[in-house]
Amino acid sequence: MGKIILTGDRPTGKLHLGHYVGSLKRRVELQNSGEYEKIFIMIADAQALTDNADNPEKVRQNIIEVALDYLSVGLDPAKSHLFIQSQITELTEMTFYFMNLVTVSRLQRNPTVKAEIQLRNFEASIPVGFFCYPISQASDITAFRATTVPVGEDQEPMIEQTREIVRKFNAVYGETLVEPEILLPDNEVCRRLPGTDGKAKMSKSLGNCIYLSDPEKVVREKVMSMYTDPLHIKVSDPGHLEGNTVFTYLEAFSRPEHFAEYLPEYQNLQELKDHYTRGGLGDMKVKKFLNHVLQEELAPIRARRHEFEKDIPGVYRILKEGCDAAREVASVTMADMKRAMKIDYFEDENLIAEQAKQYMGE
Ligand code: TRP
């Protein structure tokens with residue numbers, strides 16, 4: 001059997017560099033590797049509603065933003081099905097049955113859910129739907145019989161929970177579902193890109209993001225005001241690399257070719273780091289270099305976005321076609337699950353014939 005990818009994002013805002021290095025860039029590489037039989041990329045609107053139930057307009061408006069971000073980074077609808085979660089009703093149906101296989105205490109132990117409950121100040125008033133979203137995420141993955149889930153590190157507990165549900169389902173009802181593997185970025189710094197303010201995570205709610213759709217000028221301004229080393233006051237002072245966001249970003253984005261092009265006094269990042277820690281290298285110079293590096297990465301993304309922005313109805317057509325393709329696959333899995341769970345009454349002629357026989361008194 002071929003390898004299948006499923007992954008996705010919540011449509012609660014535009015996608016940023018953290019999403020890009022953590023997952024999007026990898027998805028495009030995997031897509032173009034030709035190693036995958038099928039690829040499904042999902043806009044998780046139903047999951048977004050689990051903590052935005054009172055703000056449906058936000059979710060609705062961000063569908064197109066995420067779709068444009070997907071297309072602009074190079075996800076290609078001819079190779080990857082881009083679709084919207086809520087339009088595949090099988091996903092909610094599966095979730096209902098998976099709920100029987102998970103305990104409340106297991107959900108309470110999920111580290112991602114724990115952290116998010118704190119972040120949103122839910123504490124005592126957690127919506128049931130939000131609490132159960134790891135189960136719904138298991139449906140998203142298993143409905144497509146995904147073997148591979150490329151996501152950021154924060155999603156690890158979700159994939160683990162999915163694997164448990166699959167094992168449990170297969171043990172109780174017979175071998176039906178596929179256990180997926182997580183695929184994390186190889187480069188350690190890409191797993192959790194810090195925000196421009198140096199905080200551990202780039203996140204919309206912290207206001208420390210560089211968005212894929214930011215204009216050139218905005219990216220430059222954000223880079224120039226980035227957090228570096230607060231002890232590096234004079235250029236001649238020795239600088240520190242630990243927690244220095246500019247260097248973390250260079251770690252994630254720069255390549256030796258960038259040095260040849262924009263900063264030929266240095267061969268590579270190590271030489272730049274050495275000079276910085278020795279002292280005598282100013283933050284401005286490093287930031288200007290980072291700006292060049294990021295602009296080079298973002299320019300083609302921005303250009304592609306502008307093209308797709310000219311045809312919004314076309315983008316919705318892509319999503320609709322993606323939904324149709326996704327539904328077709330999910331409905332086969334759903335039928336297999338129903339057969340395994342013995343709730344396929346009208347499809348099972350044996351059942352009807354046997355009960356008929358029984359009642360004929362044979
Ligand atoms: N939880 C993911 C996020 O917050 C989105 C998501 C929903 C997802 N279902 C998924 C990711 C299935 C991978 C696989 O970004």
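1. In β2, which residue is the bridge partner of Lys3? The partner is Tyr36. β1 and β2 run parallel and are joined by 7 bridges. Two strands pair if DSSP finds at least two bridges between them. Helices (H or I, at least four residues) and strands (E, at least two) are DSSP runs, numbered from the N terminus.

2. A word on the basis of this note. This is a predicted model, in which local features need pLDDT of at least 70, side-chain atom pairs count only at pLDDT 80 or more, and totals for chains, interfaces and linings use all residues. Residues are numbered from 1 along each chain as its sequence is written, and side-chain values use heavy atoms, with hydrogens and water left out.

3. Overall layout. The protein has 17 helices and 5 strands. Its C-alpha trace spans about 100 × 45 × 40 Å along the principal axes. Of the 362 residues, 51% are buried. Buried means under 20% relative accessible area, exposed over 50%, and partly exposed in between (1.4 Å probe, protein chains only). Among contacts with a separation of 6 or more, 76% link residues 24 or more positions apart. Contact means heavy atoms within 4.5 Å.

4. The main core. The largest nonpolar core holds 92 residues. Such a core is a set of buried Ala, Val, Leu, Ile, Met, Phe, Trp, Tyr and Cys residues joined through side-chain atoms within 4.5 Å. Leu17, Phe98, Phe144, Tyr249, Phe253 and Leu272 touch the most other members. Helix α16 (residues 312-340) gives the largest share of this core, 10 residues. A second, separate core has 6 residues, including Val113, Phe122, Tyr133 and Met158. In soluble globular proteins, nonpolar side chains tend to be buried together.

5. Phe144 up close. Set aside its neighbours within four places in sequence. Phe144 is then in contact with Ile4, Leu6, Phe40, Phe83, Leu91, Ala326, Val329 and Ala330.

6. Strand β2 (residues 36-43) has 6 of its 8 residues buried, so it is largely enclosed by the rest of the structure. Helix α12 (residues 245-253) is mostly covered, with 8 of its 9 residues buried. Those buried in α12 are Thr245, Val246, Phe247, Thr248, Tyr249, Leu250, Ala252 and Phe253. Their cover includes α1, α10, α13 (256-262), α14 (269-278) and α15 (283-309).

7. The largest pocket. About 1,300 Å³ of space lies in it. A pocket, on a 1 Å grid over the protein atoms alone, is an open set of points where a 1.4 Å probe fits, with protein on both sides within 12 Å along at least five of seven lines; lining residues have an atom within 4 Å of a point. The volume is the space filled by probe spheres set on the points, which are joined across faces, edges and corners.

8. The pocket lining. It counts 47 residues, and His19, Glu116, Asp154, Gln155 and Lys201 are the closest to the pocket centre. β1 (3-9), α1 (17-33), α6 (111-119), α8 (133-142) and α10 (188-191) each supply at least two lining residues. By class, the lining has 15 nonpolar, 17 polar and 15 charged residues. Here Ala, Val, Leu, Ile, Met, Phe, Trp, Tyr, Cys and Pro count as nonpolar, Asp, Glu, Lys and Arg as charged, and the others, Gly among them, as polar.

9. Two backbone angles to check. Arg145 is not a glycine, yet its phi is positive, near 55°. Arg145 sits in the loop between α8 and β4 (148-150) and is buried, at 17% relative accessible area. Lys342, also not a glycine, has a positive phi of about 65°. Lys342 lies in the loop between α16 and α17 (349-359) and is exposed, at 65%.
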